[in-house]
Amino acid sequence: MDTQDTLQPQVRPTASRPLLGMTILVVEDSRFTCETLRLMCLRSGARIRRADCLASARRHLQVYRPSAAVIDMGLPDGSGLDLIAELSRATPRVGVIIGLSGDDRAETEALAAGADGFLGKPLDSLAQFQETVLSALPPAAVPAGPRSLTEEAVSPDRVAFRDDMSHVAALLEQRQDGATIDYVVQFLGGVARSARDYTLERAASDLARSRCQGETRHEKVARLMQMVHARIESRAAI
């Protein structure tokens with residue numbers, strides 16, 4: 001834990017800010033998803049630290065121990081499952097470990113690796129986020145008394161969505177080898193699902209299926225590139 005964290009005054013969670021006093025490490029390469037989680041943490045009273053890959057997350061963890069970690073399954077330098085397993089076995093253990101993915105089937109793998117809970121994309125329910133974290137906390141850390149479940153939905157700025165599209169465009173302009181395309185379709189699928197851009201999600205899924213069949217259909221890559229550039233150029237970002 002870093003010096004800044006140890007010098008923070010002790011605070012107790014409240015019914016309206018049930019995660020007050022917590023620091024949550026979000027390991028997520030999508031700016032759009034990370035912005036969603038930042039807003040959820042802000043509304044819940046928690047502080048957030050962000051790592052966009054496994055290497056960055058491990059550097060964070062050498063300096064401080066967060067109260068909780070939310071870890072995406074698909075990261076640019078490996079699988080979030082590896083980090084979940086590491087944190088689950090570590091002593092002392094991070095108090096709450098949550099898996100995150102746009103693929104609902106990943107929940108079983110995350111829990112098997114040692115996660116305490118799972119969040120599926122798209123993320124928009126503040127109540128679900130809070131309940132997932134709170135359900136993994138010891139009873140003494142949960143606010144006492146009744147707590148109303150908010151129906152508030154969180155909508156991040158679309159600038160973050162365009163940042164993700166720019167990231168994909170830069171990757172595909174640099175190289176289009178199999179490993180890059182596999183990462184791009186996984187990344188785009190999660191971002192598109194989070195943003196409810198179902199046209200883009202279907203295009204990414206279509207290319208992913210081709211890759212699973214051992215094919216790299218260049219016309220599908222080109223079509224995906226066109227869709228990505230259209231979203232970069234659109235002020236509405238969808």
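At 6% relative accessibility, Lys 121 counts as buried, since buried means under 20%. The model described here is predicted. In this model Lys 121 belongs to a network of salt bridges that also includes Glu 28 and Asp 72. The count of salt bridges comes to 13. Side chains of opposite charge can pair when their charged atoms come close.

**The pair Glu 28 and Lys 121**

- A salt bridge joins the side chains of Glu 28 and Lys 121, with 3.3 Å from N to O.
- Glu 28 sits in the loop between strand S1 (23-27) and helix H2 (31-44).
- Lys 121 sits in the loop between strand S7 (117-120) and helix H6 (126-134).
- The two residues are 93 residues apart in sequence, so their pairing ties together separate parts of the chain.
- Glu 28 has a relative accessible area of 0% and is therefore buried.

**The pair Asp 72 and Lys 121**

- Lys 121 also meets the side chain of Asp 72 in a salt bridge, again with 3.3 Å from N to O.
- Asp 72 is part of strand S3 (residues 68-72), while Lys 121 is in the loop between S7 and H6.
- This pair links distant parts of the chain, 49 residues apart.
- The relative accessible area of Asp 72 is 3%, so Asp 72 is buried.

**The pair Lys 220 and Asp 206**

- Lys 220 and Asp 206 form a salt bridge in which the closest N and O atoms are 3.3 Å apart.
- Lys 220 lies in helix H10 (residues 218-233), and Asp 206 lies in helix H9 (residues 198-212).
- Because the two residues are in these two helices, the pair ties together parts that are 14 residues apart in sequence.
- Asp 206 has 26% relative accessibility and counts as partly exposed.

**Thr 36 in helix H2**

- Thr 36 is located in helix H2.
- With 3% relative accessibility, Thr 36 counts as buried.
- Leaving aside residues up to four places away in sequence, Thr 36 touches Leu 123, Val 154 and Pro 156.

Note on methods. Residues are numbered from 1 along each chain as its sequence is written. This is a predicted model: local features need pLDDT of at least 70, side-chain atom pairs count only at pLDDT 80 or more; totals for chains, interfaces and linings use all residues. Side-chain values use heavy atoms; hydrogens and water are left out. A salt bridge is a side-chain nitrogen of Lys or Arg within 4 Å of a carboxyl oxygen of Asp or Glu. Helices (H or I, at least four residues) and strands (E, at least two) are DSSP runs, numbered from the N terminus. Buried means under 20% relative accessible area, exposed over 50%, partly exposed in between (1.4 Å probe, protein chains only). Contact means heavy atoms within 4.5 Å.
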